[in-house]
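Me: I would like to work through a structure step by step. Please show me the sequence and the model before we start.

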Amino acid sequence: MRIVVCVKQVPGTHDAKIDPETKRIIREGIKVVINPFDTYAIEAAVQIKEKIGGEVIVLSMGPSRAVTVLREGITVGADRGILLSDRAFGGSDTWATSYALSRAIETIGDVDLVICGKQAIDGDTAQVGPGIAAHLSWPQATYVMDIADINSGSLTAQRMHEDGWDLCLVKLPAVITVVKDINQPRVPTLKGRLAAEKQEIPIWKAADIEADPELLGLNGSPTRVVKTNPPQGRTKKSVVLDGPVEQSVRRLVQELRQRSLV
Amino acid sequence: MKQHLLTSAYHVEILPPKQETEKLYEDLDRFSSKFERVMESGYCACITDNAMGNLAFQGTELIEELELDPGRNQVMIHLNTFHTKADLHRILDSCKAAGIRQLLVITGDGSDRLPRLTPAEVGAEGVEAVTSVELLRYIAKTYPGDFDLGVAFNPYEPEDHEFAKLDRKIAAGATFAITQPIIERHPVVDKLLERYPDLPVVVEAWMSKKISLLSEAVGYEIPEDTPYDPIENLKTLHRNYPQCEIYLSILGFKTQYPLLEEIRN
């Protein structure tokens, strides 16, 4: 089974600045990290590979420094990484981005499954996964919290929603997006990191994926960012333990013990 | 353990490279040279475990991958509760294979990216979460006699509570204790030495000039401009606690390290 995991490099800070002209996040000079939801997508893919065999490819679109998130994926079990990086991709909204990623997936070829994190923590749109499925005309299952079964032709997934979950049978090839509940990503090892450092990461340009230039960048983006505000910093919060006294005390003791305070 | 404490001069904390580093090879070189310097001095290298919840490489994998010689009982591995059971056993087995006996068992600081041992995984009953006590008990039971198990002792916590916790830790298998950073002298450490005369105690010396960084550890705000001379404090700790080994945190390897031998003598 060939699995592509789409990953994104995002600001690892709450102090992100917004460019007043472009209304986009200024990414230069700030700490960047792999989108946390994508780590669950990688783990899901690696677990499938370990269970039924195959290959896991991490794919990203971004500036050249985004190779670091691909190496993170390889560190924890992906076999290789591919970066889409070209001026032609600049200014792409989620629709143009998912078009470029879908072209890369077709160029890779013989892909059975695409896994994305449910959303990126910078844009918070949750649109790229479904967008890839739309461009490829593949079935999709979003907010997957468990993959109950998978074989060469289909997968059975639990989809989380507000009132519980749905059990879905999805024919492959397909796109899924995953939530945190799906697994606990493994902690990277030094051995894995050293192996990842040695791997060549190919950088593909628009021509390499035979993308239509009219569908990329601002030309291919039906949406425009009108205004963006940085997120508010996290503040300390109070928790009210209501309910029966005995139950509240148990919860309080549990919280204190977890913080090693008692 | 007692024998080790009498022969190994200083416990030198070494922070392993962070997972997020973009200068991996540089950081690995720096780690290696610090480690080898500590080994050459005959001191004990103490390698932290995802300190403050920041993901870093494990001490045992660094020793293996970098082919470092852990010397004769000259390495202490910090071990907290934020691991999978499989990773915990990998670390313990690696320690055993490398002849590393000293473990500092702590509850630790978690993060979203770190798993945590569950009570069922370490055979703990009647508890909601695994703390250093449950982890100690599990290691002592699963690897009988293989390790010297150290624990943290915090004199800045309410005294009765901290001594009760220490009793639970000793009952679970702890054989030595390391204090939080001590400035000159602390009455609760004096009580600790008095009440537990057979328990080897290692006193921590804060080697950074920025003493305000200790605010969280001591539980009150230390102003940023508070003057502090770590070398003088180290000398004072030697005078006040001659029976204790000293744990050096945030040690400057360029300027402070060359002074250690002289201070000790």
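Predicted model: local features only at pLDDT ≥ 70, side-chain atom pairs only at ≥ 80, totals over all residues.

Reply: Residues are numbered from 1 along each chain as its sequence is written, and chains are lettered from A and ligands numbered from 1 in the order in which they are written.

Me: How many helices and strands does chain B have?
Reply: Helices (H or I, at least four residues) and strands (E, at least two) are DSSP runs, numbered from the N terminus. Counted that way, chain B has 10 helices and 8 strands.

Me: What do the strands of chain B form?
Reply: Strands pair if DSSP finds at least two bridges between them. In chain B the order runs β1-β2-β3-β4-β5-β6-β7-β8, with parallel pairing. From one strand to the next the twist averages 25°; angles run from 0 to 180 degrees between N-to-C directions, with axes as lines fitted to C-alpha atoms, for helices over the stretch in contact. The 8 strands form a closed barrel.

Me: In β3(B), which residue is the bridge partner of B:Ile47?
Reply: Strands β2 (residues 44-47) and β3 (residues 75-79) of chain B run parallel, joined by 3 bridges. The partner of B:Ile47 in β3(B) is B:Ile77.

Me: At about what angle to β7(B) does helix α9 of chain B run?
Reply: Helix α9 covers residues 230-240 of chain B. It lies across β7 (201-206) and β8 (245-249) of chain B. Its angle to β7(B) is about 160°.

Me: What radius of gyration does chain B have?
Reply: The radius is taken over C-alpha atoms, and the globule rule is 2.2 Å times the number of residues to the power 0.38. For 265 residues, a compact globule would have a value near 18 Å. Chain B agrees with that, at 18 Å.

Me: What share of the residues of chain B count as buried?
Reply: A residue is buried if 20 or more other C-beta atoms lie within 10 Å of its own, exposed if 12 or fewer, and partly exposed in between, with C-beta atoms placed from the backbone. Of the 265 residues of chain B, the buried share is 41%.

Me: Which residues touch the most other members of the largest nonpolar core?
Reply: A nonpolar core is a set of buried Ala, Val, Leu, Ile, Met, Phe, Trp, Tyr and Cys residues joined through C-beta atoms within 7 Å. The largest one has 70 residues. Those touching the most other members are B:Val12, B:Val105, B:Val203 and B:Ile246.

Me: How many residues are in the second, separate core?
Reply: This core includes A:Tyr40, A:Ala44, A:Ile105 and A:Val114. Its size is 66 residues.

Me: Which strands stand at the edges of the open sheet in chain A?
Reply: The sheet has 9 strands in the order β9-β8-β7-β10-β6-β1-β4-β5-β11, with mixed pairing. Each edge strand has a single partner, so one side of it is left without a neighbour in the sheet. The edges are β9 (164-171) and β11 (203-204) of chain A.

Me: Which residue of β4(A) stands opposite A:Arg2?
Reply: Strand β1 (residues 2-6) of chain A is largely enclosed by the rest of the structure, because 4 of its 5 residues are buried. It runs parallel to β4 (residues 55-61) of chain A, joined by 5 bridges. Opposite A:Arg2 stands A:Glu55.

Me: Is A:Ile176 buried or exposed?
Reply: A:Ile176 lies in strand β10 (residues 174-178) of chain A. Around it, 26 other C-beta atoms lie within 10 Å. So A:Ile176 is buried.

Me: How many residues of helix α2 in chain A are buried?
Reply: Helix α2 spans residues 67-75 of chain A and is mostly covered. Among its buried residues are A:Val67, A:Leu70 and A:Ile74.

Me: Which helix of chain B gives the largest share of the side that touches chain A?
Reply: Residues are in contact if their C-beta atoms, placed from the backbone, lie within 7 Å. By that rule, 18 residues of chain B are in contact with 17 residues of chain A. The largest share of the chain B side is 3 residues, from helix α3 (residues 59-65) of chain B.

Terms used: Contact = placed C-beta atoms within 7 Å.
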